[in-house]
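Here's a walk through a protein model, taken one neighbourhood at a time. Keep the structure open beside you and follow along.

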Amino acid sequence: MTSTTTNQAHSLSARPTQCAQVVDVLEGFFEIRARSSTLHGDAPVRAVQACPPFAQGCGYGWELRYSGIGLALQAEGEPAVQMIDELTPGFDYAGQVQAAAEQGYIAAPWLNQLLQNWWWRDRQDPKRIHLWTGLVAKPSTDCDLRLTELFNSPHLQLNLQQQWIDGTAGWTPLILSFDLRNTARSAIAGTVASLSPLPRASTMETVALADYPWVGQRVLNYYSPSYYEQKLSAPPTRAYTKLLRSPSAQPDWHQAQDLTQAIAVAANPADASAIRLCHWAQKNNNLSTGSKSQGAAYAELLAPADIRLMYLGRSFDVSMGDGWDTGYQACRQAWKALYGTTGARYLDDATFDGSSCVHATSGHPVMVLNIEPLLRFATKPGWSLLFEGASETFAWGLRGVISSANFHSGALAFQCFETPQTQVIAQGSLLGRVVPIPDALLTATFELKTLEP
């Protein structure tokens, strides 16, 4: 008999839709469950209450949780993975894997590997360890799945590599791939990874602000002088929450963008130094399934200049390197030409008088670094944007969901879980990713099954 359960999530913007099936081959070795806006109580209360994008970013997708006490990993020596709790599975491992294969859940290329063990060292990089969760997944026909670090969680301090699960490839084992190049040992305990759905295909373009003046005007309407006055002297404005209640109908997009779900709006779109448009291609996946699908579009946001972060004990002193002032002044001139002194004033306020694109809140261990690009963003109604800070550049990146059909700004956020270090983020370094996503996938559910007896 097949046992079936469905996870639940909640959203004001979209009704939940089932978009994936997951089969538990190893009988609860790893568990999968829906994320929550509070991370099941782990998220800071003030962040959840005052920042809807953060709360929605916490609740997006599902999470994988180790059911035992913990797993120890070591970069050198054997075994590479060891159960801290010395858990003895109550089943025949090889028999379960073979049964899953016979029922069509594990294809031949994976079967040979998984029959040997549930973990192994990477053949090309021995300090990268692959660990099978005992789960296999298959997305629905209109989406793919992405296995990543947790985002937003205090448990995310693991260097986990991304796995892309292409819906056209059939059932795929969910593999955790840990990079131990910078540490001799690490450990897994509790919730360790995030699994989330993305559209099978989408398009994103960079466009000129002058061609989409309504984007800038909506931003100016939101960030009025009274907004900043209230933000400094009163409780949270709740302006973003109020904006989401308004209709998201937009002026017509240009004919060239009819099939485009998201746009990055730049003062000078010919200058690509701060943004790089990409697709999730299988060649970037460290565990290829052989699919040729490109997957969803996304943008990589890059440091527009050297960003010097000098840690002063409670916060950072921020300074920008060569090239920042030139780019900022060109952007300011474009805003001023379209919107007069109001546009110039807004850009000064948003970028701290033009001196920096970075704002750091004080107070370790909850210090947060926000980096706001000079670009603005918009999506068609029914679509939103994921803003993800790049943990590989500045640990640890946070994830937020911006309703970009209504709101056209967005920042990349990072939280320091350890004592911060003085550092320089070099010009051109990856700051984060902006990913278009249909609103329906923000609250998507999965079907969980077990093997037939």
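Let's begin with a charged pair: Arg 345 and Asp 349 meet through their side chains in a salt bridge, 2.9 Å from N to O. A salt bridge here is a side-chain nitrogen of Lys or Arg within 4 Å of a carboxyl oxygen of Asp or Glu. Both residues sit in helix H8 (residues 324–350), and because they are four residues apart there, about one helical turn separates them. Helices (H or I, at least four residues) and strands (E, at least two) are DSSP runs, numbered from the N terminus. Arg 345 is partly exposed, with a relative accessible area of 24%, and Asp 349 is partly exposed too, at 31%. The cut-offs for those words: buried is under 20% relative accessible area, exposed is over 50%, and partly exposed is in between, using a 1.4 Å probe and protein chains only.

Before going on, keep in mind that this is a predicted model, where local features need pLDDT of at least 70 and side-chain atom pairs count only at pLDDT 80 or more, while totals for chains, interfaces and linings use all residues. Residues are numbered from 1 along each chain as its sequence is written, and side-chain values use heavy atoms, with hydrogens and water left out.

Back to the charges. How many salt bridges are there by this rule? The count comes to 15. Another of them joins the side chains of Arg 332 and Asp 348, at 3.1 Å from N to O. Arg 332 is partly exposed, with a relative accessible area of 23%, whereas Asp 348 counts as buried at 16%.

Now look at Glu 78, which forms a salt bridge with Arg 121, with 3.1 Å between the closest N and O atoms. Glu 78 lies in the loop between strand S5 (71–74) and strand S6 (81–83), and Arg 121 is in strand S7 (residues 119–121), so the pair ties together parts that are 43 residues apart in sequence. Are the two ends buried or exposed? Glu 78 is exposed, with a relative accessible area of 57%, but Arg 121 is buried, at 17%. There's also a network of salt bridges to find, linking Asp 125, Arg 128, Asp 179 and Arg 181.

Next, a pair of helices. Helix H3 (residues 93–102) packs against helix H4 (residues 108–116) at an angle of about 170°, with the axes 9 Å apart. Axes are lines fitted to C-alpha atoms, for helices over the stretch in contact, and angles run from 0 to 180 degrees between N-to-C directions. On the H3 side, the contact (heavy atoms within 4.5 Å) is made by Tyr 93, Ala 94, Val 97, Gln 98 and Ala 101, and H4 brings in Leu 111, Leu 114 and Leu 115.

Time for some strands. Two strands pair if DSSP finds at least two bridges between them. Strand S19 (residues 307–311) pairs with S20 over five bridges; for instance, Arg 308 has Ser 319 of S20 as its bridge partner.

Strand S23 (residues 376–379) is joined to strand S16 (residues 262–266) by four bridges, and the two run antiparallel. Within that pairing, Ile 263 has Ala 378 of S23 as its bridge partner. In a regular strand, side chains alternate between the two faces of the sheet. Both faces of S23 are covered: Arg 376 and Ala 378 on one side, and Phe 377 and Thr 379 on the other, are all buried.

Finally, find Leu 301 in strand S18 (residues 297–302). Leu 301 is buried, with a relative accessible area of 1%. Leaving out residues up to four places away in sequence, Leu 301 touches a list of residues including Ala 274, Ile 275, Phe 377, Leu 412 and Val 434. Phe 387 is 86 residues away along the chain, yet its C-alpha atom and that of Leu 301 are separated by 9.9 Å.
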